[in-house]
Amino acid sequence: MAPMATTLKAETTENAVVGAMGKTTSGKVLKVRQYPKFDSLEEERLYRKQHLAAAFRIFAERGFDEGVAGHISVRDPILTDHFWLNPLSQHFSQIRVSDLILVNENGEVVIGEEPINAAAFAIHSEIHKARPDVHAACHAHSVYGKAFSVFGRELDMMTQDSLRFYKSHSVYTQFGGIVLGQEEGKRIAKALGSGKAVILQNHGLLTVGQSVDEAAFWFISLDKTCHAQLLADAASAGSGYKKILIGDAEGAFSYDQVGRPEKGWLAFQGYYDEQLAKSNGNFLE
């Protein structure tokens, strides 16, 4: 029998989509946080930049930095064929809103005084072109992501958290060194397809989303999922116990609860709030 979300039948669509229950004893409906509505595109631009800067700080705290490798982009809501990136030489932990670089579809800096990572442009520009629904992309050389990437395989659907990527991730197997050509970027975008994540063999992880919040949370979760699988595979090999995988019916049902853009955005908000409190809003400058 297929699983059913019977506890959410009485909820608003907004609450049900993210698995939230919100009604008081007096009957008052409580609404969960949602991506804001803006009075102007300038306001939305600032919001995207603020959450992009926060994402870099959060990545740094989780050890996703390694020298100048790694990059996160967010599409500009005004110049929609442009996107914001980190400057090449600045550590993730130091990035502020004012440090972000706006580049056009030719890789030319429109706003900012620092060079960008050439590999970042080669990858992100092609993803933004291929996926108009994607407004942000994250790539970093996280330890568990790159360790799992050497197997050139998709994740096993073996935990509830892994189901965020149920039939929504792929593997790019054509490692060709540092990505400096747009043709390589096009191939990565093709491998990503309509999914939210791609494992770059011998390289690392890449995630996308309708918001930078969503893309960043998928990356955090994907790296943790790679870690869990590396541990489970090692334990299985050492003990002889076989892993018990999750079936398709349960996978599809759970994906609808944990893998949608709204849930990815919501899941990131606690990290954002934590960074805001820890830094006293330093990244907003």
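Trainee: Which residues point one way from β1, and which point the other way?
Mentor: His71, Ser73 and Arg75 point one way from β1, whereas Ile72 and Val74 point the other way, and all of them are buried, where buried means under 20% relative accessible area, exposed means over 50% and partly exposed lies in between, with a 1.4 Å probe and protein chains only. In a regular strand the side chains alternate between the two faces of the sheet.

Trainee: Before I go on, what sort of model is this?
Mentor: This is a predicted model, in which local features need pLDDT of at least 70 and side-chain atom pairs count only at pLDDT 80 or more, while totals for chains, interfaces and linings use all residues. Residues are numbered from 1 along each chain as its sequence is written, and side-chain values use heavy atoms, with hydrogens and water left out.

Trainee: Back to β1, then: why is it described as largely enclosed?
Mentor: Five of the five residues of β1, which covers residues 71–75, are buried, so the strand is largely enclosed by the rest of the structure. Strands here are DSSP runs of E with at least two residues, helices are runs of H or I with at least four, and both are numbered from the N terminus.

Trainee: Which strand does β1 pair with over four bridges?
Mentor: That is β5, residues 136–140, and the pairing is antiparallel; two strands pair if DSSP finds at least two bridges between them. Within β5, Cys138 is the bridge partner of Ile72. Two bridges also join β1 to β2, residues 83–85, again in the antiparallel sense, and there Phe83 is the bridge partner of Arg75.

Trainee: What is the strand order in the sheet?
Mentor: The sheet is open and has eight strands, in the order β4-β3-β2-β1-β5-β8-β7-β6, with mixed pairing. The edges are β4 (109–111) and β6 (169–172), each with a single partner strand, so one side of each has no neighbour in the sheet. From one strand to the next the twist averages 25 degrees. At the β4 end, two bridges join β4 to β3, residues 101–103, and these strands run antiparallel, with Val103 opposite Val109.

Trainee: Which strands does α2 lie across?
Mentor: α2 lies across β1, β2 and β5, and it runs at about 165 degrees to β1; such angles run from 0 to 180 degrees between N-to-C directions, and axes are lines fitted to C-alpha atoms, for helices over the stretch in contact. α6 packs on the sheet as well, touching β1, β5, β7 (197–200) and β8 (204–209), and its direction makes about 145 degrees with that of β8.

Trainee: Switching to helix pairs, how do α6 and α8 cross?
Mentor: The axes of α6 (residues 212–239) and α8 (residues 261–279) come within 7 Å and cross at roughly 80 degrees. That makes the two helices roughly perpendicular, on a scale where under 35 degrees counts as roughly parallel, over 145 as roughly antiparallel, 65 to 115 as roughly perpendicular and the rest as oblique. The residues in contact, meaning heavy atoms within 4.5 Å, include Phe217 and Trp218 of α6 and Trp265 and Phe268 of α8. By class there are nine nonpolar, two polar and two charged residues; Ala, Val, Leu, Ile, Met, Phe, Trp, Tyr, Cys and Pro count as nonpolar, Asp, Glu, Lys and Arg as charged, and the others, Gly among them, as polar.

Trainee: And at what angle do α2 and α8 pack?
Mentor: α2, residues 41–61, packs on α8 at an angle of about 80 degrees, with the axes 10 Å apart, and these two helices are therefore roughly perpendicular to each other. Among the residues making the contact are Tyr47 and Ile58 of α2 and Tyr272 and Gln275 of α8. That contact has eight nonpolar, five polar and three charged residues.

Trainee: What follows α6?
Mentor: Gly240 follows α6, with a positive phi near 90 degrees.

Trainee: Last one: where does Lys167 lie?
Mentor: Lys167 lies in the loop between α4 and β6, and its phi is near 50 degrees, a positive value in a residue other than glycine. At 70% relative accessibility, Lys167 counts as exposed. Asn280, in the segment after α8, has a positive phi near 55 degrees, and at 73% relative accessibility Asn280 counts as exposed.
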